[in-house]
Amino acid sequence: MGNKLSGKDLIKLGFPKNNSINIALGQINRYRKREKKESILTEAKDVLLNPEKYEGNGTWGKVAEGLIKPVQVRMHQLKMTRVPFTIFGENEIDQQAKFQLYDSLKLPISVAGALMPDAHSGYGLPIGGVLATDNAVIPYGVGVDIGCRMSLSIFDLPESHFKGREHQLEAILKDNTKFGMYETHASRVDHEVFYKSEFQDIPLLKNLLPKAYKQLGSSGGGNHFVEFGIAKIENPENEWKLEKGEYFAVLSHSGSRGLGANIAKHYTYLATKQCPLPKNVQHLAWLDLNTHDGQEYWLAMNLAGEYAKACHDDIHRRIAKAIGKRVVVTIENHHNFAWKEMVNGQECIVHRKGATPAAKGQLGIIPGSMTAPGYIVKGKGNTESLNSASHGAGRLFSRAKCKSTFTQSEIKKVLKANDVTLIGGNIDEAPMAYKDITKVMANQTDLVEVLGTFIPKIVRMDR
């Protein structure tokens, strides 16, 4: 008996000559190749005889599904008409972003859609796109950086805390934040998220656990940041126990790091294989939530969201410790995610790619750029936006366009004029790359109520 398991071995056991053999071999070669052939064959025999027992199992669940009720792979066509949608701030949004939304509204699974005023084109759904679907999740409708979020910590310290401490605060940011693909903290910390059963039950996640552990408390490249600034509170919520006024605060923007990127890549590939679509909309391939892969992606996506939150909690814990003060109020919200929500009396999967939840009373922070204010907001629960709001100002210039349009000296001038210190940061994140946040906010007065602003002062980004 050779050591490598083959399709012939499975046929000998009695497996039907269909795709279940390819699925079994794929899973075994990917996750179980170090194990003895005999023990795998014993297990495979049991799967064949009792497939129900293995539904949802990490290695064998997909094989069991292939034996009980195989996923029907067939070409899907777009519908001729769009489902209902609303665009906020239409005049500020490029045509391509609108066309991307229009395509998504014709998917056979679509129920309703919306476009936020910071929208611009992306892969699959546009950035700022919101799409409600019927029992299906689109990995590229969620995005690559799953659960990317904003987190604002307000200290009971006056804004004058900056005076005379600029160098000390710059050092705190440099020492307590890590950015990009390779920087990680020397002192590792444990977190309850690593003990979630998904990290053991889903083979892909088990393989990603060491990387997730290493990257905890770090931030990505691109537009991710950690910054000190001034929170100007105009309408404090009662539970904040803060008077109206100006406070020292820290704001971070980052996501689920390598964990989220690998989940997105893996399940997008599976979706495109299971859900063939016309070439121009292939990025909108979905996973049916009644399938093994759909269920697994849903669990993995939610885990990535929890991990992104754990990263922010760790960043803010490190910074609060270095400052030696307690955080009084934390306000956070996330985008690049999918939620189960009611839409017109029907339970739907609501994708928000570069858009944030804004249900009635829900708090959030909508950042501008490194030289523009961010807005502390409370959702109004507008059903036309599917209870959503923008996730920021949105890009005016693509990253490539920034490199050919702006210079470092222009950026320095803008930073100086706004009294902002920048550590790191590349030309593609120039303040001028973004839309005017005041216009974006003016276009979503029906979606959120403004409680205050955040003015950046010392900004740390990837180099």
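Colleague: Is Phe 194 buried or exposed, and what is its relative accessible area?

Modeller: Phe 194 counts as buried in this structure, which is a predicted model. A residue is called buried when its relative accessible area is under 20%, and the value for Phe 194 is 7%.

Colleague: How many aromatic pairs does the whole structure hold, and which type is the pair of Phe 194 and Tyr 213?

Modeller: Searching the whole structure gives 12 aromatic pairs. For Phe 194 and Tyr 213, the ring centres are 5.4 Å apart and the planes stand at 80°. Planes over 60 degrees apart fall in one class, so this pair is edge-to-face.

Colleague: Where in the chain do these two residues lie, and how many residues apart are they?

Modeller: Phe 194 belongs to the loop between α7 (166-176) and α8 (198-201). Tyr 213 sits in helix α9 (residues 203-215). The pair therefore links distant parts of the chain, 19 residues apart.

Colleague: What is the relative accessible area of Tyr 213?

Modeller: Tyr 213 is partly exposed, whereas Phe 194 is buried. The relative accessible area of Tyr 213 is 34%.

Colleague: Which type is the aromatic pair of Phe 337 and Trp 339?

Modeller: Both Phe 337 and Trp 339 are buried. Their rings lie 5.2 Å centre to centre, with 70° between the planes. The pair is edge-to-face.

Colleague: Which residues form one aromatic cluster?

Modeller: The structure also has a cluster of aromatic residues. Its members are Phe 155, Phe 162, Phe 228 and Phe 248.

Colleague: Which elements are among those that cover the buried residues of α5?

Modeller: Helix α5 (residues 95-104) has the buried residues Ala 97, Lys 98, Gln 100, Leu 101, Tyr 102 and Ser 104. Their cover includes three strands: β1 (85-87), β2 (110-120) and β3 (127-133).

Colleague: How many helices and strands does the chain have, and what is its radius of gyration?

Modeller: There are 14 helices and 17 strands in the chain. The globule rule gives 23 Å for 463 residues, and the value for the chain is close to this, so the chain is as compact as a globular protein of that length. The radius of gyration is 24 Å.

Colleague: What percentage of contacts between residues at least 6 apart in sequence join residues at least 24 apart?

Modeller: Of the 463 residues, 57% count as buried. Among the contacts between residues at least 6 apart in sequence, the share that joins residues at least 24 apart is 76%.

Methods: Residues are numbered from 1 along each chain as its sequence is written. This is a predicted model: local features need pLDDT of at least 70, side-chain atom pairs count only at pLDDT 80 or more; totals for chains, interfaces and linings use all residues. Side-chain values use heavy atoms; hydrogens and water are left out. Helices (H or I, at least four residues) and strands (E, at least two) are DSSP runs, numbered from the N terminus. The radius of gyration is taken over C-alpha atoms; the globule rule is 2.2 Å times the number of residues to the power 0.38. Buried means under 20% relative accessible area, exposed over 50%, partly exposed in between (1.4 Å probe, protein chains only). Contact means heavy atoms within 4.5 Å. Rings of Phe, Tyr and Trp (its six-membered ring) pair if their centres lie within 6.5 Å; planes under 30 degrees apart count as stacked, over 60 as edge-to-face and the rest as tilted.
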